[in-house]
Structures are given as C-alpha cells and as structure tokens.
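I opened my notebook to look through a new structure, one entry at a time. Come along and check each entry with me.

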Amino acid sequence: MVERRRRRVERLRSLRVGWAALILIGAGVVYAVVVTITGTLDYGTAGFQAAVVLTGTMLGLALWDLFVATIARSEAAYLALPQRIKVPLPREAVPLLSPVLFAIGILIGHQYWH
Amino acid sequence: MATNTGTEPALGFRGVLSIAFLGLAIGILLLVLIWTVTAAADPAAAGCHNAPLRMTRVPQLLGILICIAGFVLGRVTARPKIDSRSQVRSWVRDRNSTREHARAAVFVQACLAAALLFIACLIAFEAVTLNRGVWPITYYMRCASEAATWQTLAAAFAFCLLTGRWMWLPSTPKDVD
C-alpha cells in the first residue's frame, strides 16, 4: 500500500508541469504582443492580461505542488519537487536572481506606469 | 511537537541591526497609514487629477532608485534563518517527525497558493478596470504619488525594504553538485 502510494507520487512528480507552465506563459506574452501590435487592446491592458496569465500559471503550479504534497504528506515533505534542479547559471549567480529580477520587474512596472 | 533542545544564540550586532530595520520599515508604513487617514478626513488636503498625473515633482528614476535601495538595504540587513540549502537538508533530517514536518510544509504551500490567488485576483481586477476605463489600482498609486510624493516614496521604500528581507535565495553550497 505504502509502496504503491510512493510509486504514484513518484509518477506524479516526474510529470513535466514546469514545461507546460512555460508554454502557457510564453503564449500569454505572444498574445499580449499580437493584440498590442494589431491595436486590438492598448498595451497596458494587454500587459496586465499577460501578467494574469503569469500569476495564474504560478497559482496552477502552486496548486499542483500542494496536491502532490498532500498525497505524499505521510512519507515526506518534498516529494512534489524533483530530486535535483539544474539551473544553467554559475553557482554564485543563483542568490542574485531575486534582486536582479526585482530590478527588472520594477523597470517593467515603470514602463507601464509611464 | 518538536522541541528546541539547543540554546538560542545571543542576539549579536546583525540581529539588532535586522530588528532595527524591521522596526524602521514597519514604523514608516504605520506613519504613512496614519497620515493617509488624517489627510483623507481633511477637506483641504491635496488631491489629484483624473486621471492622476504621470509626472510628479520628482523624477520617476529617483522613485525607482529609492525602491531598489530599499530592496537592497532590506536584503543586506536581514538576518536569514537559513544561510544555505544544505542547512535546510540538515534541519529536515534532524526533525523527529517527518509527518509533522510534512504537515507544516503543506500548510506553507497552501499559504503560498492563497497568496498567489490573491495576487492573481488583483492583477485581473487591474486588467479589467484598465479595459473598461474605470480607475485601476495603479491610478490610486499614481494619485498618492501626485498628492503626497514624499510620503508615497517613503512608503515604497519601506515596502521594498520588507520585500528585500524576505525575497531572497539561500546560497548554493560548494560541496555538492
């Protein structure tokens, strides 16, 4: 029973939901660019619609993570995550990701403010 | 319930600095909140245009720099509970009860999902109001910036300082692949 549950959790966490999320986010960005260029929507509305797709996708990932973690809760806390996450960056650069992305985000926000 | 068997380390300079900056940020936010409530009740208080002006008394670049300065200051003055990911592993291994830790992790994940739901709703509201010509949330920020520029900048600085304290990634240990 326990082994069966563990195998099911292993199967679930091996699903590539991250790639599906990246495709969704990419589609949202393409949509925003297309409707802005064609004049269907102003760029502020289109930009925020893309942001809705982004946060909605992140919410979906968080809910998936929560779902897998709930199933695996009697075994371990981190079964929703893969064993190893490889980031194609130098090791020293990883802690700098959040401040750099924050600065980029605030500049993009400034663009929509302006 | 897990118990802390070790003795708590003494609060050093870093700890005092961290608490002082946390108090500073919370103090600024509270002062701005009190000022906002007071100004809102005063008919003579400064208002803003409809739509609020994009250009204020100070250059926008200064606002961006203040926000980034707050974020960086929050980051360097924070006293992180965990310095590296290897500490997380040892911390988890040392716990007596996996089940208890898993329950806590599920709770944190549920809080993260709830926070993302809240943010997604706010951004959706922004997109809908922008599309329909109703004041979006950003207009209220712009109105505040127009009517009370320095107070708004102070609040933005304090908010970014708090963000900088909590939005960080622990360093990657050198002894693992």
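Before the first entry I needed to know what a helix label means: helices here are DSSP runs of at least four residues, numbered from the N terminus. I also noted that this is a predicted model.

**Entry 1: a loop in chain B.** I looked up B:Ala51 and found it in the loop between α1 (13-40) and α2 of chain B. I then checked the peptide bond that runs from B:Asn50 to B:Ala51, and it is cis, with omega near 0°.

**Entry 2: two helices side by side.** I remembered that a packed pair of helices is described by the angle and the distance between the axes. The crossing of α2(B) past α6(B) is right-handed. On the α2(B) side, the contact includes B:Gly63, B:Ile66 and B:Cys67. On the α6(B) side, I listed B:Leu153, B:Ala156 and B:Phe157 among the contact residues. By kind, the residues of this contact divide into 12 nonpolar, 5 polar and 2 charged.

**Entry 3: helix α5 of chain B.** Which residues are buried in helix α5 (residues 137-147) of chain B? I found B:Arg142, B:Ala144, B:Ser145 and B:Glu146. The cover over the buried residues of α5(B) includes α6 of chain B.

**Entry 4: where the chains touch.** How many residues of chain A are in contact with chain B? I got 33 residues of chain A, in contact with 35 residues of chain B. On the chain A side, α3 (43-71) and α4 (97-113) are the elements that give two or more residues. The most comes from α3(A), with 16 residues. That side of chain A divides into 20 nonpolar, 10 polar and 3 charged residues.

**Entry 5: the nonpolar cores.** I looked up the largest nonpolar core and found 19 residues in it. Those with the most contacts inside it include A:Phe48, A:Val52 and B:Ile123. At least two residues of this core come from each of α3 of chain A and α4 (98-132) of chain B. The largest share, 10 residues, is from α3(A). Apart from this core lies another, of 13 residues, with B:Ile28, B:Cys67, B:Leu153 and B:Leu161 among them.

Terms used:
Residues are numbered from 1 along each chain as its sequence is written. Chains are lettered from A and ligands numbered from 1 in the order in which they are written. This is a predicted model: local features need pLDDT of at least 70, side-chain atom pairs count only at pLDDT 80 or more; totals for chains, interfaces and linings use all residues. Two residues are in contact if their C-beta atoms, placed from the backbone, lie within 7 Å. Ala, Val, Leu, Ile, Met, Phe, Trp, Tyr, Cys and Pro count as nonpolar, Asp, Glu, Lys and Arg as charged, and the others, Gly among them, as polar. A crossing is left-handed if the near helix is turned anticlockwise from the far one by less than a right angle, and right-handed if clockwise. A nonpolar core is a set of buried Ala, Val, Leu, Ile, Met, Phe, Trp, Tyr and Cys residues joined through C-beta atoms within 7 Å. A residue is buried if 20 or more other C-beta atoms lie within 10 Å of its own, exposed if 12 or fewer, and partly exposed in between; C-beta atoms are placed from the backbone.
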